[in-house]
Amino acid sequence: VFDPLDVSLSGKNRPKVAEEDLSLQIAAPEEECCLGPACWLWDFLRRSGAAGFHLPLSGGADSSSVAAIVAVMCILVTKAARDDPEGNVAQDCRRVCRQDENSLWVPATPQEMGNHVLHTTFMGTDNSSEVTKSRAKRLGDAIGSYHLSIKIDLMVSAVLQVFQLATGHMPRFLSRGGTMSEDLALQNIQARLRMVTAYLMAQLLPWVRGRSGFLLVLGSANVDEGLRGYMTKYDCSSAD
């Protein structure tokens, strides 16, 4: 009778142990916040079959933190791939980056890998500041991401025109004489259109760049805001 607990460590069944002593490295809490999620993102990406990530990058703390975690992922994967160009990490890297899997290609720098796998988009309006737009671009450049800066005012205007044609009413912001209900609705329109735009970019940016596949959408939800209900459902915090 087969006993699943009867595992012999003798002879060929004995696991291989490194000859040198391995020292246990305990990461600081700040390091764990980067290293743990970064490794998880890579594991999810390599198993998904996707060609990378798309992140709506506003230049704020939440989305910038997510971008930084992806940057750490690129640093870890690039180092592992360059240390062993024939290893599993390098093979997965070639597949994800849509490189010849029969070659020994590995990214030369974390920024090169970032350009392959991370796509960021600043989705502003006429009311957005140049400070946040510039911050998003500079962060994208530092990571190496394929970065776009767009305005979504045309989409917001189109949705409001449809609403006006259907109801005969045009909502206004609170600062322009509208009610709180109108003001919140206008804010939510912008937030939800960013989600629609994020998924459109995720599906088509590989095609735009002459590559195959799709992108996973990264969100930057704030836990505290979610617990308090201070959030918009189905905005750009909604993600894969």
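# Briefing: sheet, salt bridges and a surface patch

The count comes to seven salt bridges, a salt bridge being a side-chain nitrogen of Lys or Arg within 4 Å of a carboxyl oxygen of Asp or Glu. This is a predicted model, in which local features need pLDDT of at least 70 and side-chain atom pairs count only at pLDDT 80 or more, while totals for chains, interfaces and linings use all residues. Residues are numbered from 1 along each chain as its sequence is written, and side-chain values use heavy atoms, with hydrogens and water left out.

**Sheet**

- Four strands form an open, parallel sheet in the order S3-S2-S1-S4; helices (H or I, at least four residues) and strands (E, at least two) are DSSP runs numbered from the N terminus.
- Strand S3 (146-151) and strand S4 (216-217) are the edge strands, each pairing on one side only; two strands pair if DSSP finds at least two bridges between them.
- Strand S1 (residues 53-56) pairs with S4 in the parallel sense over two bridges, and S1 pairs with S2, also in the parallel sense, over four bridges.
- Phenylalanine 53 stands opposite leucine 216 in S4 and opposite leucine 118 in S2.
- Histidine 54 stands opposite valine 217 in S4.
- In a regular strand the side chains alternate between the two faces of the sheet.
- Both faces of S1 are covered, with Phe53 and Leu55 buried on one side and His54 and Pro56 buried on the other; buried means under 20% relative accessible area, exposed over 50% and partly exposed in between (1.4 Å probe, protein chains only).
- Helix H4 (residues 110-117) lies across S1, strand S2 (118-124) and S3, and runs at about 65° to S2; axes are lines fitted to C-alpha atoms, for helices over the stretch in contact (heavy atoms within 4.5 Å), and angles run from 0 to 180 degrees between N-to-C directions.

**Salt bridges**

- Aspartate 92 and arginine 95 form a salt bridge whose closest N and O atoms are 2.9 Å apart. The two are separated by about one helical turn because they lie three residues apart in helix H3 (residues 88-96).
- Aspartate 92 counts as buried at 16% relative accessibility, whereas arginine 95, at 27%, counts as partly exposed.
- A network of salt bridges links Asp43, Arg46, Arg47, Asp92 and Arg95.
- Lysine 151 and aspartate 126 meet through their side chains in a salt bridge (3.1 Å, N to O). Lysine 151 lies in strand S3 and aspartate 126 in the loop between S2 and helix H5 (130-143), so this pair ties together parts that are 25 residues apart in sequence. Both residues are exposed.
- Lysine 137 forms a salt bridge with aspartate 141, with the closest N and O atoms 2.9 Å apart. Because they are four residues apart in helix H5, about one helical turn separates them.
- Lysine 137 is partly exposed at 42% relative accessible area, and aspartate 141 is partly exposed at 46%.

**Helix H7**

- Glutamine 190 is found in helix H7 and is buried, with a relative accessible area of 15%.
- Not counting residues up to four places away in sequence, glutamine 190 touches Thr125, Ile152, Val156 and Phe173.
- Leucine 200 is also placed in helix H7 (residues 180-208) and counts as partly exposed at 49% relative accessibility.
- Leu200, Leu204, Trp207 and Val208 make a nonpolar surface patch of about 430 Å². Patches are made of residues with over 30% relative accessible area and no salt bridge, joining like charges within 9 Å and nonpolar side chains (Val, Leu, Ile, Met, Phe, Trp, Tyr) within 5 Å. Accessible areas come from the Shrake-Rupley method with a 1.4 Å probe, and for residues only the protein chains shown count as cover.
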